[in-house]
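Keep the sequence and the structure open while you read.

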Amino acid sequence: MRLESHPIVDFERGKEVTIYFNGKPIKAYEGETVAAALYAAGVRVFSRSFRFHRPRGFFCAIGKCSQCMMEVDGVPNIRTCKVYVRDGMQIRTQNSKPDAENDALAIFDKIIDTVFPHGSHYKKFNKSRKVREFATKQMRKLAGFGNPPKSIPDIETSYEEIETDVAIIGGGPAGLSAAIHAAKYGAKVVLMDENNYLGGQLIKQTHRFFGSARHRAGTRGIRIAQILEEELRQYENVDIRKETKVFGIYGKDVAAVQKDSKLLRVKAKKIVIATGAYERTLIFENNDLPGVYGAGGVQTLMNVYGIKPGNKGLIVGSGNVGLILTYQLMQAGVDVAAIVEAMPRIGGYFVHAAKVRRLGVPIYTRHTIVKAFGEKKVEGAVIAQLDDRWQVIPGSEKEIECDFICVAVGLSPAHELLYHVNAQMKFVPELGGLVPLRTRYNETSVDGVYVAGDVAGIEEATAAIMEGRIAGIHAAITLGYGGDEAKKELEEAVKDLEDFRAGPFGERIVCGLEKCVLEKEVMI
Amino acid sequence: MRVAIIGGGVMGLSTAYYLAKMGADVTVFEQKYLLYGASGRNSGGITPMIDKKELIPFAVKSLELYDTLPAEVDFNFLFRKDGYIKVAASEEDAEKLKKDVRMQNELGVRSKIIEPDEVREFVPDFNTSAITLASYCEDSGVIFPWPVVWGLAKGCRELGVKILDQTRVEEVVVEGGVKGVKTNGELHKADVVVNAAGAWSNEISKMAGAKLNNRVVKEEICVTESIKPYLDPYIFDVTYGVYLSQSARGEIVGGIVGSEVEEIDTRSSLEFAVRYAKRATQLIPMLKGLAMLRQWAGVYDEGRDGLPVVGFTEVEGFVQANGLGRHTGMIVAPAMGRELAKLIIKGENPNLKPFSPSRPTIA
Amino acid sequence: MKYLERGYLEADELPPFPPEERINSKKPVAYIECPQSIPCSPCYESCRFNAIEMENINDPPKVDYEKCTGCMACIRVCPGLAIFMLQVKEGRGYVTLQYEFLPWLEKGDRVRLYNRRGEEVGEGVVTWALKPERNDRTQLVTIEMDKDLIFEVRAVRKR
Amino acid sequence: MVKERKIVCRCEDLTEEEIIHAIEEGYDNLESLKRYTGATTGACQGKGCLMHIIRILSQKTGKSPEEIGVTTQRPPVNPVPLYVLSEGDAE
């Protein structure tokens, strides 16, 4: 299932290695994650679910969803989508007997809630103490997810503490741009990103960007990532930390794990949170079946690792992500059975829709997915038409032949760190969920803490770059860098972003932004 | 008799439960949601292996109640009695363990001193070189604090107790004696007001004009991701103040004994995570590969002399039921709540004498 | 905005066609199917002849067919793959479009022709193909077809 | 074929039906619902289910998402291995 050639992307694979999955040797390439290598080898069941022992597989590919947790070299609960393969690695599935593929406890899915509905661990077996104690012991055996640890990771660990002017969390378009503009005026910058590449989601964007020439329109997202990184590398006052996962902000200290081996503590005067967003999931029958993916997960698999997700997909959601993904799948030689959209209209740009429609992909508006079906992985789906009140019209159900389903129903800001710093937050549907109040310079209610990009509200990468620029310049100015030139650029940047949002596609954003304006004295 | 209980934690609910059983008309006021306070944030270690002799009879009695209450209220507290081990890493603490065990044995507690090697019988991966001595008690283990609170709340409601959550008491109305409490400007008349507000008890006491000077302690805890049964007993390192156990859901729950704070705050710190990780992985090196999933903090209060503050105060009808302290709240509350109910109904109860709010050692 | 319910333009939603004499001239003419207000302006910015009119970045582009020289600067950069160069020469129709699939097309290749709805409407022959690496892997290809099809055909796949 | 279920929380394996049932049982605020069902406390710490839980609560109780609020987001954002933490400087 590995792609040997692709019209847009060249896949440079590392050295061939062998990893062992439940004892069975599997071929992989250095630089691939364990999850990607297993997927390429045809493994679809990655784990069994906590209570029902349902099969679960590859899903988010960004270390969030917990579906890919396995025992790796004797250490339990490793998110295999974030761990790179090493020759001889031993990987075992968890919470199943004998393994996740053939789990004898799968029977629980059929019976457990008829005899043991949710909450009955509190409510049953209470009358007799003996029975209760016995049942409690048995429940303990069934609970628990990972295997007990069998070994200690053999990794040389270290600790580093650094002081900086600006700490930037997230190396996607917003974070890169913030780093460039803070560094440009002389601020000392530390940029942290969890991946082993910079660019965030840009590196999955094989299409050319919209916007104007000065926003690098007409250039592919993957190239924009390279351009931004090159620009950033010009500055010596920037410390780039890849494979560095920020896990908390304690006071003004940013805490991160670098390369799974170093505890990093960054004491920063200013912090730019540019953590992006998570994909939303959708509730439908069997939405957890292996083969139901987030759009981003599939993009990672296909555009980063060069692995085909399947042979025929169903796309749920006709926003730009769903439309672009459809086109990308076709570029990788994968068929797309249909796109379904609950709204009466296509959500993304018409031109993106036209691109796939003329290649024969049907787009069903006012339709939704009702269920996925299959034994251990998706074998098909049922879609149905919706009425004006978003209810399924009986009899409108239609079976779609597909072997995977991509859910592209939008994103939610990755807001956790904003809660760590106690920023004032607000639920703003137009911006995708819980977002921070912010000044026109993207500073939150917490002095010196900025937001940029999707974490501030779901929008396009181009807007993220512009927001990063604003946050970066403002952070630099308030630290005493840049002078009048910086102030001038800051006002230009604010104006530029306002113009960008002036059209109908920006209306919703502008409306959302009005709800989270923070009126505080802004120093520039 | 109308009783208003401020605080929906394990102490407030136990008291409410037994008061209702004795026929009182009880209302419980909880400022946030049930489990917001220390009763919802602790690690559920249950043992009579306590170093304060005054509390041991309550712990012993509570252990019996934890056996019978689940049947009474029809709710499983998921109490798993796989023992409790205290470990000491200094000679001084080892001596104290020995002294405590002698005292505990005299009071009928089946605790014993064990050598470091013997810890491995209960925890095979334990690093014996990290400690000098240990004590063990089998009539102990880990309870899940949440169902304890829910179960008591269920039992209370079935006995007619009103539990008002998200209801902050703004005023304790005192005219001569207590007349009731005010919430949202509305007076709830009561003959007796019980202050079971944990870390917030000093403030409540002030409202009533009663003296209270409990120590407010912030403590941090964390859990790792869930694994299959691995760690059976509850382990408490008395030298480092570090404790760990495995929850009903398979997480390794652990924390460090907290310290006094001026103001209530429940923010987590990196220092805690580091200190905990260092010691926990010294005790059980195999835990090194596990990942901390979530950390949190809680606040509890304790009497200045380390004992709870329970009983009638100088303000007529105003009763203290707080200061239960670390690791003792969950274990003594059921029995203490029952004794307090007796005190409130009968007007006296010699069993609670050591905890009198007027004792000089807590001023 | 019915086209957003379907994903393709119907006849009455199309921009005006270039005049016949312009289509029949020596140079192809740009025809842009981009009806929606989106923040995008590379075509406008790439045109050295001011043949593309836009009031602001969100304004849909309009081609001044008299000014368009058929230089293909716009079709090289259009991120929406919404520009088609049209021409009729010696009774045969020619459509130039952006192509981003493997295998790449070469002069002489026979291709299936698809309309906006994805229906196959005939067969054509590649008469010119810009190498993909010359345009960041968006190939430009000119397809010869029946002249009546140039307002229909919007996609091709290799036969 | 797997049994037809609509999974809201993948980590704790909770169906939409079960969440609704717990709300009907009286665990009808976010904090109680979270603790009673385990939703948002699993391996992903609510990244997958929090917005669904808020939506379902909103539908069942008639409260706006704003009124329902959000559970405290505690560190760490991602699980951190103890071997890394134990490298830190605690002073």
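A residue counts as buried when its relative accessible area is under 20%. Arg2(A) has 17% relative accessibility, so Arg2(A) is classed as buried. The model is predicted.

**Arg2 of chain A**
- Arg2(A) sits in the segment before strand E1 (16–21) of chain A.
- Its side chain makes a polar contact of 2.8 Å with the side chain of Glu32(A).

**Salt bridges**
- Side chains of opposite charge can pair when their charged atoms come close. The count over all chains is 90 salt bridges.
- Arg129(A) pairs with Glu133(A), and the closest N and O atoms are 3.2 Å apart. The two residues are four apart in helix H4 (residues 129–142) of chain A, so about one helical turn separates them. Arg129(A) is partly exposed at 42% relative accessible area. Glu133(A) is partly exposed at 27%.
- Asp305(B) forms a salt bridge with Arg359(B), with closest N and O atoms 2.7 Å apart. Asp305(B) lies in the loop between strands E17 (291–302) and E18 (309–312) of chain B, and Arg359(B) in the segment after H8, so the pair ties together parts 54 residues apart in sequence. Asp305(B) is partly exposed at 28%, whereas Arg359(B) is buried at 11%.
- Arg116(C) and Glu33(C) form a salt bridge, the closest N and O atoms being 2.7 Å apart. This pair links distant parts of chain C, 83 residues apart. Both Arg116(C) and Glu33(C) are buried.
- A salt-bridge network has members in chains A and D, including Arg54(A), Asp109(A), Lys3(D) and Asp13(D).

**Helix H7 of chain B**
- H7(B) covers residues 270–283 and spans 20 Å from first to last C-alpha, close to the expected 20 Å.
- Of its 14 residues, 10 are buried. Among them are Phe272(B), Tyr276(B) and Arg279(B).
- Ser269(B) caps the N-terminal end, with a side-chain oxygen 3.1 Å from the backbone nitrogen of Phe272(B).

**Surface patch on chain B**
- Met1(B), Met22(B) and Ile345(B) make a nonpolar surface patch of about 240 Å².
- Ile345(B) belongs to helix H8 (residues 329–346) of chain B. Its relative accessibility is 34%, so Ile345(B) counts as partly exposed.

**Spans listed in UniProt**
- An unreviewed UniProt entry lists residues 2–343 of chain B as "domain: FAD dependent oxidoreductase". That span is 30% helix and 29% strand, with end C-alpha atoms 14 Å apart.
- An unreviewed entry lists residues 3–86 of chain D as "domain: SoxA A3". Here the span is 44% helix and 8% strand, and the end C-alpha atoms lie 43 Å apart.

Technical notes
Residues are numbered from 1 along each chain as its sequence is written. Chains are lettered from A and ligands numbered from 1 in the order in which they are written. This is a predicted model: local features need pLDDT of at least 70, side-chain atom pairs count only at pLDDT 80 or more; totals for chains, interfaces and linings use all residues. Side-chain values use heavy atoms; hydrogens and water are left out. The expected span of a helix is 1.5 Å times one less than its number of residues. Buried means under 20% relative accessible area, exposed over 50%, partly exposed in between (1.4 Å probe, protein chains only). A polar contact is a pair of N or O atoms within 3.5 Å; within protein, one must be able to donate a hydrogen and the other to accept it, and residues adjacent in sequence count only if both atoms are side-chain atoms. Patches are made of residues with over 30% relative accessible area and no salt bridge: like charges are joined within 9 Å, nonpolar side chains (Val, Leu, Ile, Met, Phe, Trp, Tyr) within 5 Å. Accessible areas come from the Shrake-Rupley method with a 1.4 Å probe; for residues, only the protein chains shown count as cover. A salt bridge is a side-chain nitrogen of Lys or Arg within 4 Å of a carboxyl oxygen of Asp or Glu. UniProt positions are given in the numbering used here, feature names are shortened, and annotations may be inferred rather than shown by experiment.
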